[in-house]
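These are my notebook entries on a protein structure.

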Amino acid sequence: MKKQSWYMLLLLVVLSVFLVACNSSDEGTDSNEGTEDTDTTTDEGSEGTTDEGATGGVLVYGRGGDTVALDPAIVTDGESFRVTENVYDTLLTFGEQDTTVQPSLAKEWTVSEDGLTYTFMLEEGVTFHDGTTFNADAVVQNFERWAAGSAEQFYYYNSMFMSEGESVIASVEAQDDTTVVFTLTRPQAPFLKNIAMSPFAIASPAAFDQLEDNPVGTGPFKFVEWKRNDSITLEKNTAFWKDGLPKLDRVIFRAIPDNSARLNALTTGEIDIADGINPSDATSIQSNSELQLIERPSMNIGYLGLTNNRAPFDDVKVRQAVNHAIDKQTIIDAFFQGYAEPAVNPMPSTISGYNEEITGYEYDPEKAKALLAEAGYNGEEFELWAMPVPRPYMPDGQKVAEAIQKNLEDVGMKAKIVTYEWATYLEKAKNGEADAFLLGWTGDNGDADNFLYTLLDKDNIGSNNYAYYSSDEAHTLLVQAQSEVDEDKRNELYKQAQVIIHEDAPWVPLAHSTPLIAAKSTVQDYLPHPTGSEALTNVSVK
């Protein structure tokens with residue numbers, strides 16, 4: 001009896017070993033179990049592999065501020081798009097590091113000869129993260145939602161597709177499940193680029209009432225949780241419509257407002273990527289073999305906005321005086337350290353339609369004093385708002401504000417520096433509550449319309465026109481340019497508009513920067529996009 005028991009025990013041990021071995025083999029080949037892993041390494045960024053041979057694991061992305069909301073249609077800030085770009089897809093998208101239009105949820109499209117009808121053929125077999133089906137009806141419902149909302153609710157939709165109180169889009173119709181037809185009221189030259197922008201990502205209609213805090217798209221990653229002012233966690237979408245992607249199992253976006261603390265978190269291994277690197281830290285990063293310095297292609301403008309309907313900036317002479325008072329080159333040398341160039345116009349010189357004949361306002365304190373005297377400026381103190389977070393176009397808003405404050409003091413203007421939490425800062429500035437404010441813009445689509453019309457046309461006061469600048473003459477030119485399909489004629493209209501804007505001086509254009517990012521040397525295939533946000537679909541960690 002004892003011998004039989006011993007044999008039975010031995011048989012059970014052998015059988016157990018066999019079953020464990022089989023189970024381990026199954027786990028190692030099932031790519032759908034992306035968030036489960038048998039690798040016990042303590043390096044978060046190096047966990048696991050998928051059956052396609054790509055690296056899995058977790059990527060922690062350190063950034064300077066938190067997201068405002070997770071519904072891309074209602075936000076304008078880059079920190080929100082940085083996350084939503086990975087949760088949703090748009091009908092069209094851009095090239096990996098440029099703004100050429102590429103297929104996405106729409107695999108192909110045709111345009112009528114008169115430029116008024118766009119027909120999109122959609123990908124089949126795509127599902128939203130909630131299991132509902134992506135189809136032409138879903139596209140229609142998204143555009144109907146945006147069209148029905150107010151300018152205050154859907155800033156971008158109204159900036160891109162509303163003009164002079166009328167919609168550029170006459171209708172959006174589902175021809176069948178995989179075909180959607182857009183009919184326009186007039187030609188819009190940048191229409192394809194516009195719908196490729198992050199704000200026009202397609203969300204699940206079943207989730208419209210929860211998108212602000214619980215996004216549901218078709219993108220490579222699914223939303224897990226949001227710890228306000230701390231982190232947002234996404235996990236791999238195992239049903240993603242692009243085979244073998246994404247490569248990562250999980251992405252965590254961590255908000256670390258201080259630039260030095262963010263870089264320290266990278267060097268100590270707490271995060272894998274650090275956005276918003278101080279230019280002064282570039283050399284130390286380049287000399288560290290465990291890190292890599294990455295330059296984001298530049299397509300931005302950092303500026304000092306002067307709210308045109310608030311004293312003293314309701315006087316064009318005062319605005320011109322401020323332009324002469326600020327020493328841009330010294331600011332760039334001190335805080336951008338070679339990774340920026342002085343701005344003259346409200347858009348970068350790389351954008352088609354840029355007016356190279358405009359020379360800009362020279363740094364001339366005496367000229368500034370003379371203009372202030374002509375304006376009868378009384379020296380009353382005003383508020384100068386400093387951004388609380390680093391942005392691609394401005395690495396350190398507080399220090400730049402202090403330099404501007406000193407420049408203004410030198411010509412007899414007393415500025416009090418104030419700041420707010422990032423979402424509050426944007427909301428109050430949008431509502432016209434600032435006197436002067438630091439802000440900037442990273443282009444969404446590489447088109448002049450996305451700078452000049454979006455940021456400075458009277459149609460966009462209360463949305464992206466934070467300066468409350470209004471010019472009927474500039475408005476006429478900008479609206480004409482939207483409909484002009486001849487590229488040379490269109491560029492000429494933009495050049496004329498820039499002359500008017502330059503004379504009216506609604507801003508002080510400060511700098512076009514080359515944003516810096518640092519990453520562990522183990523991060524692979526991370527390609528920063530000039531728009532400031534990119535999908536991490538192809539990124540992996542060794």
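**Entry 1**

I began with Lys 520, which counts as buried because its relative accessibility is 12%; buried means under 20% relative accessible area, exposed over 50%, and partly exposed in between (1.4 Å probe, protein chains only). The model is predicted, so I noted that local features need pLDDT of at least 70 and side-chain atom pairs count only at pLDDT 80 or more, while totals for chains, interfaces and linings use all residues. Residues are numbered from 1 along each chain as its sequence is written, and side-chain values use heavy atoms, with hydrogens and water left out.

Which residue does the side chain of Lys 520 meet in a salt bridge? I found Asp 272, at 3.1 Å from N to O. A salt bridge here is a side-chain nitrogen of Lys or Arg within 4 Å of a carboxyl oxygen of Asp or Glu. Asp 272 is also buried, because its relative accessibility is 1%. The pair links distant parts of the chain, 248 residues apart: Lys 520 is in strand E21 (residues 516-520), and Asp 272 is in the loop between helix H6 (259-267) and strand E13 (273-275). Helices (H or I, at least four residues) and strands (E, at least two) are DSSP runs, numbered from the N terminus.

**Entry 2: Other salt bridges**

I counted 20 salt bridges in the structure. In one of them, the side chains of Arg 296 and Glu 534 meet at 2.6 Å, N to O. Arg 296 lies in the loop between strands E14 (291-295) and E15 (300-306), and Glu 534 in the loop between strands E22 (523-524) and E23 (540-541), so this pair ties together parts 238 residues apart in sequence. Arg 296 is buried at 2% relative accessible area, and Glu 534 is buried at 6%.

I then looked up Lys 317, whose salt bridge with Glu 374 has its closest N and O atoms 3.1 Å apart. Lys 317 lies in helix H8 (residues 316-325) and Glu 374 in helix H10 (residues 365-375), so the pair ties together parts that are 57 residues apart in sequence. Lys 317 is partly exposed, with a relative accessible area of 31%. I also recorded one network, in which salt bridges that share partners join Arg 63, Asp 66, Glu 79, Arg 82, Asp 275 and Arg 391.

**Entry 3: Two buried loop residues**

Is Leu 105 buried or exposed? Leu 105 counts as buried, because its relative accessibility is 0%. Leu 105 sits in the loop between strand E3 (101-103) and strand E4 (106-111). Leaving aside neighbours within four places in sequence, its contacts (heavy atoms within 4.5 Å) include Thr 90, Met 121, Val 126, Phe 134 and Trp 241. Leu 105 and Val 126 are 21 residues apart in sequence, and their C-alpha atoms are 8.5 Å apart in space.

Ser 198 lies in the loop between helix H5 (191-195) and strand E10 (221-227). Ser 198 is buried, with a relative accessible area of 15%. Not counting residues up to four places away in sequence, Ser 198 touches Pro 72, Phe 81, Glu 85, Thr 90 and Ser 533.

**Entry 4: The whole chain**

The protein chain has 15 helices and 23 strands. Buried residues make up 55% of its 542 residues. Of the contacts with a separation of 6 or more, 70% are between residues 24 or more positions apart.
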